[in-house]
Amino acid sequence: MPARSFNAALTALLAAALFGATTPIAKLLLGALSPFMLAGLFYLGSGVGLALTMLVRRYLGAGKANVHDARIAPAELPWLAGAILAGGVAGPALLMLGLTSTPAATGSLLLNLEGVLTAVIAWVVFRENVDLQVFLGMVAIVAGGVLLSWKPHAAGLPVGALLVALACLCWAIDNNLTRKVSANDAMVIACVKGLVAGPVNLVIAYMLGVGMPGIGQAAAAMATGFAGYGVSLVLFVVALRNLGTARTGAYFSVAPLFGVALSLALWPDMPSLAFWCAAALMAIGVWLHLRERHEHTHTHEPLDHTHRHRHDEHHRHAHDFAWDGSEPHTHPHRHEMITHTHAHYPDIHHRHSH
């Protein structure tokens, strides 16, 4: 795996670890907070925390040479709005409702479905390439999710498990829409989502008659949201930019493993045989995703866009402004047509047909 792709994979895994740990903590906090209140505080903590981080970054001068970083083109705003609605409002609320009647470890493993659904939407709707190995990995993860939720004497899936699955669908839609704006500053994207989704969920909670929690509970929820929703999303967007939607979703499927480890530490219990079989199937699916490699001769069509970059093999352009040689930097630039062969993923420069 190329060094850049390896670093992007580590970024996705770190995002997964932060998000996965959030699920059992959410289960712990749900004893005192309503689902919409908790979702609102999570995202509000994410937005406020990232806004403060950007202010510090600006004060220290880290962004002065990259004036284009915080700008999102008007044509991309509908994609961002859709991502916020699906992943910032609907997804967290459904997850919190589902966790009220679903064991934390089970809820954590069910979140593997997010990676599968992300890949399916990327493949079917947005025509992103998904190799046979990735498909087989998805089958294994789906099989694990079905085994985990199946109740022989029940009329159907438990309501809690179904709500968690619907939350995964919302986040899968969010991931694919976020792909459309992933060339922009990841911190800005995550901050905007938090500052919009947080108040919306809090308003819903208020309309349902839920009062504000104590300062300690609110602070704990917001701190959890900053790490598990804010920092995690920033890392996820960076990985999305470099790996594409389906591959990033595959790496992110590791998230439930971190959630399971933490939930079993918080609530020590001996999991059932079905639990371990489901975990094994999901682990096989993740392993198949991780070992996938994609290489062939491909042609880059002419492309104009703006993002943070270095002058690598895909960025050999001249500048129409005074440049001091510093990298990485951000400015509008054009990619000319080029045909070559190398290992690659469906990143922002390799969204080609096969």
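Visitor: By class, how many nonpolar, polar and charged residues does the lining of the largest cavity have?

Guide: This is a predicted model. Rolling a probe the size of a water molecule over the atoms shows where empty space is left. Here the lining of the largest cavity has 7 nonpolar, 4 polar and 3 charged residues.

Visitor: What volume does the largest cavity have, and how many cavities of 30 Å³ or more are counted?

Guide: The count is 1 cavity of 30 Å³ or more. The volume of the largest cavity is about 170 Å³.

Visitor: Which residues lie nearest the centre of the largest cavity?

Guide: Of its 14 lining residues, Phe19, Tyr43, Trp171, Leu233 and Phe252 lie nearest the centre. Two or more lining residues come from each of helix H7 (159–179) and helix H9 (215–243). H9 gives the largest share, 5 residues.

Visitor: How do helix H2 and helix H8 pack?

Guide: Two packed helices are described by the angle between their axes and the distance between the axes. For H2 (residues 35–59) and H8 (residues 186–207), the angle is about 150° and the axes are 7 Å apart. Their crossing is left-handed. The contact of H2 with H8 involves 20 nonpolar, 7 polar and 2 charged residues.

Visitor: Which residues of H12 are buried?

Guide: An α-helix has 3.6 residues a turn, so residues three or four places apart point the same way. In H12, the buried residues are Phe275, Ala278, Ala279, Met282, Gly285, Val286, Leu288 and His289.

Visitor: What distance does H12 reach from its first C-alpha to its last?

Guide: H12 (residues 273–290) has 18 residues and reaches 26 Å, close to the 26 Å expected at 1.5 Å a residue.

Terms used. Residues numbered from 1 in each chain as written. Predicted model: local features only at pLDDT ≥ 70, side-chain atom pairs only at ≥ 80, totals over all residues. Heavy atoms only, no water. Axes fitted to C-alpha atoms, helices over the stretch in contact; angles between N-to-C directions. Helix = DSSP H or I, 4+ residues; strand = E, 2+ residues; numbered from the N terminus. Left-handed = near helix turned anticlockwise from the far one by under 90°. Nonpolar A, V, L, I, M, F, W, Y, C, P; charged D, E, K, R; others polar. 1 Å grid on protein atoms, 1.4 Å probe; cavity = no way out; pocket = protein on both sides within 12 Å on 5 of 7 lines; lining within 4 Å. Points joined across faces, edges and corners; volume = space filled by probe spheres on them. Expected span 1.5 Å × (residues − 1). Buried < 20%, exposed > 50% of the residue type's maximum accessible area, 1.4 Å probe, protein only.
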